[in-house]
Amino acid sequence: MPLPSLRDRAAELTLPTLSIAMAAWLGAAAFAFRSSLLTSFDLVFGNSGDGRLIAYLHEHLFAALRGRAELLSPAFYFPQKNALGYTDAFLLDALPFAALRGLGFDPFLASQILAIALSLCCFMATLVIGRRYLRLGPPLAICAAVLVTFPSNLMFKTAEAHPNFFALYYVPCLVLLALWAIEDYPRPTRWSLLRAGGFGLGYGLLLATSFYVAWLFALTLLFGLGTIAVLRGREAIALLRQHPGSCAALIGAAIAGFAIGAIPVLAIYLPALHQQAGRSFRDYVSFAPFPKDLINLGVHNMAWGWLVDRLIGDAQHERALAVTPLMTAALVMLLLRLRRTAPARPMPWQIVFACVCVTVWGLSWLVTLRVGTFSAFWLPYHLVPGAVAIRAGDRIQLLVNLWVVAGLMVLLQYWLDCVPRAAGARHKLIAGIIVALCLIEQINLQPAGLARREELARLAAVPAAPPPCRAFVVDAGTAFDGKQLDAMWISAKLGLPTLNGDSGWAPPGWRLNDPTTDYDEAVRLWIGATGLDVPLCRYDRSARQWSPDPQPADELSAKRR
């Protein structure tokens, strides 16, 4: 008897379900992005630091697409080349962001609208996965889409500082593409192979969009596959052996797509890796979460913020990313209960899937936690490629949330399907209460922190640079007054390179942000180290005036001679 394909077992999405789902997304998105909507998009996600940097990098991509900038060498840290590899490159965002800019939106508004549009893509992809492949009922599939798209930790992280993590919205889309690719297995078609290749290509480009999201997703996937190998290894191997040609074709197509997607990744990051050795393990440990951070959702979480404030306080924001505890506890407790009553052989796939999800959650904490001065992340740090770029391991919880939501919804659906008809209404009520509480505990009251109109007004007040000027620095100001990002945005406006800069890494010898070094001396040292020999000027941000730099290149050359 031929093995039924995933398509044969898939549930269909109906128009009423899609209509209700769209209404649910509109309501959830309106609340999640309320800071922007209520201020007519004056406030956008991010802050005056990383938020401005991320918007700038998107604007650089837009300039590169128009031929006005060199893709791999943004006009900061001048004359350093290949500086794009010092941070996320946002390649998957390039075309939609450029489309929004082409429609006349300013860079900050385009970034915010792109995030909202991506949330719709993530929501619909999760809905299709839940309904079509996990066979969730419409209510649970819609709730799963809300929990995946607007979780507490993601809304906190993006509003507070790092809107780059909206790249998480690409993950369900890639998972849907992978499921679509194997939908006809063991009889793949040309379209199946094309979709497999598209998945590989998309994942490769995700590495150059948000390395954290792509790498940490792969780590959770590794945990999940390892769990399947333990629980169902023999069955999985037997299934693959039955159709080796189909497996080889699909895997080969995915690898081919990834190889193409990896070309820009290598072009962007290999030059940076030649200059940087990666982050030290001590650097990782300094940001690693503690055991108490298992319940750390930050003080702005509506349901648990009071408890976090009392037990932990307003701690470093990188450690406030735990998956909500009620949802996690519901998954674990329901799994323990159903595991005792479910048949041992064959174990229902829902129980196996939930075991995988719980294991991913548990291992993600065991591997990233810090106890004293040690973390088990030492093992992947030394063994897994790319781990040396990871500084904040707690960010894996942004990916773990996807697994916890999927596991809980699958178990709830299994529990409802197995209940006798007489107890169906009571079980539906209990399931509804559980899901409602899970939705409530996702509410995070962290407001957006980047004032868009203020940034645009400050930039509009910058006058044109003098004609002889070929590069510039801004005034010294104070140690942490945002001078580096000010200079980068002025550079983007004027098309003039700047010696200032800000990113995940800095070039060797560049010390313009070092509070222990005199700013003017750091400028002189950088000019001397790079042999810069172009007319240099300085912009005084408070006076809004340009002047020749007090240490022009020819004077420095004379001093060296």
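Lys483 and Asp481 form a salt bridge, with 3.3 Å between the closest N and O atoms, the term standing for a side-chain nitrogen of Lys or Arg within 4 Å of a carboxyl oxygen of Asp or Glu. The model is a predicted one, in which local features need pLDDT of at least 70 and side-chain atom pairs count only at pLDDT 80 or more, whereas totals for chains, interfaces and linings use all residues. Residues are numbered from 1 along each chain as its sequence is written, and side-chain values use heavy atoms, with hydrogens and water left out.

Asp481 also forms a salt bridge with Arg541, where the closest N and O atoms are 2.6 Å apart. This pair links distant parts of the chain, 60 residues apart, since Arg541 lies in the loop between β6 (536-540) and β7 (545-548) and Asp481 in the loop between β5 (471-474) and α21; helices (H or I, at least four residues) and strands (E, at least two) are DSSP runs, numbered from the N terminus. Lys483 is buried at a relative accessible area of 5%, Arg541 counts as buried at 18%, and Asp481 is partly exposed at 27%, where buried means under 20% relative accessible area, exposed over 50%, and partly exposed in between (1.4 Å probe, protein chains only). Asp481, Lys483 and Arg541 belong to a network of salt bridges that also links Arg52, Glu454, Glu455, Arg458, Asp475 and Asp486.

The rule gives a count of 20 salt bridges. One of the pairs is Asp283 with Arg279, at 3.6 Å from N to O; Asp283 is partly exposed, with a relative accessible area of 21%, and Arg279 is buried, with 15%.

The protein chain is divided into domain 1 (6-40 + 88-442) and domain 2 (468-559), with bounds that come from an automatic or database domain assignment. The domain centres, taken over C-alpha atoms, are separated by 41 Å. In contact (heavy atoms within 4.5 Å) are 7 residues of domain 1 and 6 residues of domain 2.

Between them the two domains bury about 570 Å², 68% of it on carbon and sulfur atoms, buried area being the accessible area (1.4 Å probe) that two parts lose on being put together, summed over both. On the side of domain 1 that touches domain 2, the residues divide into 3 nonpolar, 3 polar and 1 charged. Across this interface the rule finds 0 salt bridges.

## Ser491 and Ala75

Ser491 is found in helix α21 (residues 483-494) and is buried, with a relative accessible area of 3%. A polar atom of the Ser491 side chain lies 3.4 Å from the backbone oxygen of Ala75. Apart from neighbours within four places in sequence, Ser491 is in contact with Ala75, Phe472, Leu496, Pro497 and Thr498.

## Backbone features

Most residues other than glycine have a negative phi, and most peptide bonds are trans. In the loop between α4 and α5, Tyr77 has a positive phi near 55° and is buried, with a relative accessible area of 1%. Asn82, found in the loop between α4 and α5, has a positive phi of about 60° and is partly exposed, with a relative accessible area of 23%.

The peptide bond from Phe78 to Pro79 is cis, with omega near 5°, and Pro79 is placed in the loop between α4 (50-65) and α5 (94-102). Another cis peptide bond joins Tyr185 and Pro186, with omega about 10°; Pro186 is in the loop between α9 (170-181) and α10 (190-207).

Notes:
Ala, Val, Leu, Ile, Met, Phe, Trp, Tyr, Cys and Pro count as nonpolar, Asp, Glu, Lys and Arg as charged, and the others, Gly among them, as polar. A polar contact is a pair of N or O atoms within 3.5 Å; within protein, one must be able to donate a hydrogen and the other to accept it, and residues adjacent in sequence count only if both atoms are side-chain atoms.
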